[in-house]
Amino acid sequence: MQRRTGRFRGRTDDQGAAITTVDVDRARRETPGCATVTHLNNAGAALPPAVVTETVIAYTQRESLIGGYEAAAEAADEVEGVYRSIGRLIGADPDEIAVVENATRAWDMAFYGFGFQPGDRILTTRAEYASNVIALLQVARRTGAVVELVDDDEYGQIDVADLARRLDDTVKLVALTHVPSSGGLVNPAAEVGKVTRAAGVPFLLDACQSVGQLPIDVAEIGCDLLSATGRKFLRGPRGTGFLYARRDLVQRLEPPLLDLHAASWPAPDRYEIRPDARRFETWETNYATKLGLGAAADYALTWNFPAITNRIATLAAALRDRLRELPGVAVHDRGDRLSGIVTFTVDGVDAAEVKRVLGGAGINTSTSSADYAQWHLKGRGLPDVVRASTHYYNTEAELDLLCRQLPRSR
Ligand SMILES: Cc1ncc(COP(=O)(O)O)c(C=O)c1O
């Protein structure tokens with residue numbers, strides 16, 4: 001296997017040609033959970049490959065044997081390697097990465113670092129993630145900044161032409177969710193990056209559902225900040241996430257919280273914030289899961305990304321087709337380009353009940369609450385929906401099983 005730095009290239013064969021299909025047998029063999037459950041809740045938390053779990057356990061055991069600080073010192077090189085691995089995954093340098101506990105904290109540390117003023121405009125879309133929206137509304141209330149919704153296009157994606165029309169020097173930030181959690185669309189992030197770059201406006205991309213699902217290269221996308229989680233399509237441990245902050249923006253963002261890792265205390269009355277992205281981290285951290293996150297990034301890099309992306313989308317499309325054939329089942333995903341997230345309802349059966357029945361048959365799905373998607377689901381008059389999300393280790397047989405076990409409409 002050959003790995004190239006700075007780009008998410010994935011695996012090449014001996015001749016250097018791209019491998020275009022996913023070795024599903026290998027994926028399932030290396031994922032113990034595939035033998036115990038039909039896991040279609042990958043947008044919630046995917047099944048980790050064995051190497052991730054083994055990394056976390058081995059490090060935790062080491063802590064118990066030699067002491068927590070001593071284990072961290074012993075693993076210092078591996079811990080640094082986590083930043084390099086994440087950097088390779090998204091085309092960034094290690095000093096542009098902060099490892100934190102989840103995607104929301106990553107997003108918040110960047111967002112609250114802007115120091116918004118009355119009248120500053122922040123542009124976002126209807127499909128923005130609920131926690132981000134709550135932070136946007138809080139900052140608007142506190143500072144007098146204005147949150148403005150960019151129009152959706154005919155497919156429900158961000159209307160890039162409308163975004164371009166709205167950009168001027170009163171806009172301080174564009175915040176976009178790449179793959180929304182409550183519907184199957186993929187927003188055209190690179191087109192957004194093109195217009196924000198041209199306008200010189202910072203672009204914060206929530207890539208929580210896209211890292212591990214789509215090839216991500218921050219230079220190609222043109223985002224300045226990117227937040228992600230470990231546990232979803234990247235298949236890392238729970239309680240992990242990371243922030244990418246472009247090097248020349250980092251020092252213009254003052255983290256809302258500081259500690260002795262994020263800053264130093266060189267004189268009694270003065271502190272200095274560190275120059276790299278680790279200013280967004282805290283000193284105390286979970287080293288075991290941090291190493292597990294690095295293992296997940298390394299593992300992802302052993303796969304051919306276009307092939308993974310294609311398999312996830314193909315399985316999701318196949319599931320939508322099967323669901324549409326069932327009486328009383330409605331599929332709600334919009335988007336010109338669709339992700340591995342499939343949302344649907346069954347007439348007369350609550351989403352929570354559908355999830356419960358499927359769970360009883362060993363099939364994991366989740367629900368998306370309309371309350372958490374006021375602009376996205378409620379805005380379209382939709383109730384809570386069932387969410388089934390595919391990964392490359394899923395099979396067509398698992399999709400058939402879901403359809404067979406689905407409660408019938410009432
Ligand atoms: C699009 C999106 N952004 C952000 C988050 C929050 O991620 P975390 O729970 O890691 O903070 C989620 C979680 O579902 C999500 O789907």
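Guide: Of the contacts in the protein with a separation of 6 or more, 72% are between residues 24 or more positions apart; two residues are in contact if their C-beta atoms, placed from the backbone, lie within 7 Å. This is a predicted model, in which local features need pLDDT of at least 70 and side-chain atom pairs count only at pLDDT 80 or more, while totals for chains, interfaces and linings use all residues. Residues are numbered from 1 along each chain as its sequence is written.

Of the 410 residues, 48% are buried, that is, with 20 or more other C-beta atoms within 10 Å of their own, the C-beta atoms being placed from the backbone. A nonpolar core is a set of buried Ala, Val, Leu, Ile, Met, Phe, Trp, Tyr and Cys residues joined through C-beta atoms within 7 Å. The largest such core has 72 residues, and Ala-110, Leu-205, Phe-242, Leu-243 and Tyr-244 have the most contacts inside it. Helix 11, residues 287-300, gives the most to this core, with 9 residues; helices are DSSP runs of H or I, at least four residues long, numbered from the N terminus.

Leu-243 shows the packing in detail. Leaving out residues up to four places away in sequence, Leu-243 touches Ala-98, Val-100, Ala-106, Met-109, Ala-110, Leu-225, Ser-227, Ala-277 and Phe-280.

As for the whole protein, its C-alpha atoms fill a box of roughly 70 × 55 × 45 Å along the principal axes.

Methods. A residue is buried if 20 or more other C-beta atoms lie within 10 Å of its own, exposed if 12 or fewer, and partly exposed in between; C-beta atoms are placed from the backbone. Helices (H or I, at least four residues) and strands (E, at least two) are DSSP runs, numbered from the N terminus.
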